[in-house]
Amino acid sequence: MTASSTDTRTTSSDPPSPGDPDAALTIVPARHPWRWASAVVVAVLVAMAVNALVTNPAWDWGTVGQYLFAPSIVRAVLLTLQLTVLGIVIGFVLGTVLAVMRLSPNPLLRSVSWTYIWIFRSVPLILQLLFWYNLALLYRSISFGIPFGPAFFEIGTMDLVSPVTAAVLGLALHQAAYAAEVVRSGFIGIDPGQLEAAAALGVPRWRQFRRIQLPQAMRTIVPTAANELIGLVKGTSVVYIMALSELFYQVQVIYTRTGRVIPMLLVAAVWYLVLTTLLSVGQFYVERHYAKGAARTLPPTPIQKVRAALRRRPVRPAGDREVTA
């Protein structure tokens, strides 16, 4: 048995005999001329773009490097991150509550949730920010006490709603309307038969949610939620109308004083690119985590791709391999 298997392996690697009809066939590799032509065109366009960025003195890269890590710019980036984190956390917490209300069999809860989503998705964000910023024009003070009864104490609206608070309220309440639909889409995309089967097997409802609903819903929620988060990073630039010293407002202040419009806009663009890139990396790892139950093999991380490329070795053709008896 050992000798026959060895002979089979030996003859399988030999070239075909002259009498074999397949010996006259010529193997021609597939050619893709348009693929190479498009690659050349794209490479030329990329080279032209890089050359324009490097050689044009109007970009003023020296000024970009001078202000990129200036203390005022760094403080503005930190404020942008603060507004983003508060807006997304409060927005998704409230959005999850609204999504649960929208899925509730109670008609009052469904109506309130639908009305909230309808209003806050219909009104532009800049109008909502201005409304919260000028809330003191409507209410001089805000009282706390028994509903429709006596008030225990009052706080002036100007003292309670500062510009930063108004910005967080505007961003969070606006984001909650979109987060509610993102969360709701994740849960309604789950096959209800899975929950029926789990209930028939006696699985508790909390375990059904934690083991069945949440992992599958997160696969739908995470990509869209990441888009909303990245959009909110850039959406914080709208609060410049409230004279908050976030990134875009601070850049405007500097180029108004120095006249360096293009390089200061590049400073803002570089920081927004850095922030969104970090968020995109985080999105990749979160999606990879929740893909464990759906994909047979998880997508490789960048480090794993590099290691695989370093370990890869060229493989010799079968005819060049040595056969040992």
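Buried means under 20% relative accessible area, exposed over 50%, and partly exposed in between (1.4 Å probe, protein chains only). Keep that handy for these exercises on a predicted model, where local features need pLDDT of at least 70, side-chain atom pairs count only at pLDDT 80 or more, and totals for chains, interfaces and linings use all residues. Residues are numbered from 1 along each chain as its sequence is written, and side-chain values use heavy atoms, leaving out hydrogens and water.

**Exercise 1.** Find where Ser 113 sits, and decide: is Ser 113 buried or exposed?

*Solution.*
- Start with the helix: Ser 113 lies in H5, residues 107–122 (helices are DSSP runs of H or I, at least four residues, numbered from the N terminus).
- Next, the area: Ser 113 has a relative accessible area of 0%, so it is buried.
- Now its neighbours: leaving aside residues up to four places away in sequence, Ser 113 touches Leu 98, Met 101 and Arg 102 (contact means heavy atoms within 4.5 Å).

**Exercise 2.** Work out how H5 and H8 are placed: which word describes their angle?

*Solution.*
- H8 covers residues 163–188, and it packs with H5 at an angle of about 125°, the axes being 9 Å apart (axes are lines fitted to C-alpha atoms, for helices over the stretch in contact, with angles from 0 to 180 degrees between N-to-C directions).
- Under 35 degrees is roughly parallel, over 145 roughly antiparallel, 65 to 115 roughly perpendicular, and the rest oblique.
- H5 and H8 are therefore oblique to each other.
- On the H5 side, Tyr 116, Ile 117, Phe 120 and Arg 121 meet H8 residues including Leu 173, His 174 and Glu 181.

Note on methods
Helix = DSSP H or I, 4+ residues; strand = E, 2+ residues; numbered from the N terminus.
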